[in-house]
Amino acid sequence: INFHTIIHLAGTNPGQYSNISERKMLSSNNLINNKVLLLSKLKKSKKIIFFSSFSVYRENKYINEKTPITSKKAYSRSKINFEKKLNKINNISTYILRSCAIVHPNSQNNWLSVLRTKMKENKDIILYNKNYYYNNCIGIQDLTKIIKKIIERSKIEKKIYNLSSNEPIQIKSIAEIIKKNKKYKGKITFKNNSKSTYFFNDSSYIQKELNLKLSLVKKNIEKIFL
């Protein structure tokens, strides 16, 4: 059986979620990526949809597909290296989705899932910089729509898209959503972190290209906590 499209989500997470060294993480991801390329060749695939990460971008208040990238961190380097390999493949469409956290009620390994676990266990929660804005998540329903749209495209093309929800909300608004869950008996406090920054991750390009509208940040966060 030949595969028309390969959707490449596999990979080892960065250290704060996987507890392995950066060297092992980089080696593991390189191995996985090379296996995907081999599979594509053996199965004569027409498309590869690769989930990269918004972490490849340099720090900036506003991030879109034209923002300069950096490979300082091993996780980012593993993503960028594979992006370069994909762009060199001829006669096949490649779609690089630079994604933030993919969220749903059972999602793991992201900031929101850590907060959800604390909420379920009635642990106290500390949030930083309450007036900062946040939109670095995308709902699984939106992701499904995106994948279907990409599969339907018939021409050979090389695309890079940012993924994120619409209309950022302040961190203090996330606290208000958590408090709406009547089962949560913990305490939420705010602190300031001068080293922390926030940025707006712009996903307007993919919405225009694929003729779709992604969900609001608030809606996706409410699904997680309520």
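These notebook entries follow what I looked up about some helices and their packing in a predicted model.

**Ground rules.** I number residues from 1 along each chain as its sequence is written, and side-chain values use heavy atoms, with hydrogens and water left out. Because the model is predicted, local features need pLDDT of at least 70 and side-chain atom pairs count only at pLDDT 80 or more, while totals for chains, interfaces and linings use all residues.

**Helix α2.** I took helices as DSSP runs (H or I, at least four residues) and strands likewise (E, at least two), numbered from the N terminus. Helix α2 spans residues 22–42, and its 21 residues reach 30 Å from the first C-alpha to the last, close to the 30 Å expected at 1.5 Å a residue; the expected span is 1.5 Å times one less than the number of residues. I then looked up its buried residues (under 20% relative accessible area, with exposed over 50% and partly exposed in between, 1.4 Å probe, protein chains only), and found M25, L26, N29, N33, V36 and S40. Seen down the axis of α2, these buried residues fall within an arc of 95 degrees, so they line one face of the helix; the arc is that of the directions from the helix axis to the C-beta atoms. On the face turned away from the buried side I noted the exposed residues R23, K24, K35, K41 and L42. The buried residues pack against β1 (5–8), β2 (47–53) and α3 (74–87). Just after α2, K44 takes a positive phi of about 55 degrees.

**N33.** Leaving aside neighbours within four places in sequence, N33 is in contact (heavy atoms within 4.5 Å) with H8, F50, S78 and F82.

**α2 against α3.** I found that these helices pack at an angle of about 20 degrees, with their axes 9 Å apart; axes are lines fitted to C-alpha atoms, for helices over the stretch in contact, and angles run from 0 to 180 degrees between N-to-C directions. Residues of α2 making the contact include M25, N29 and N33, and those of α3 include Y75, S78 and F82.

**α8 and α6.** In helix α8 (residues 217–225) I listed V217, N220, I221, I224 and F225 as buried. They cover an arc of only 125 degrees around the axis, which puts them on the same side of α8. Helix α6 (residues 171–179) packs with α8 at an angle of about 35 degrees, with their axes 9 Å apart, and I174, I177 and I178 in α6 meet K218, I221, E222 and F225 in α8.
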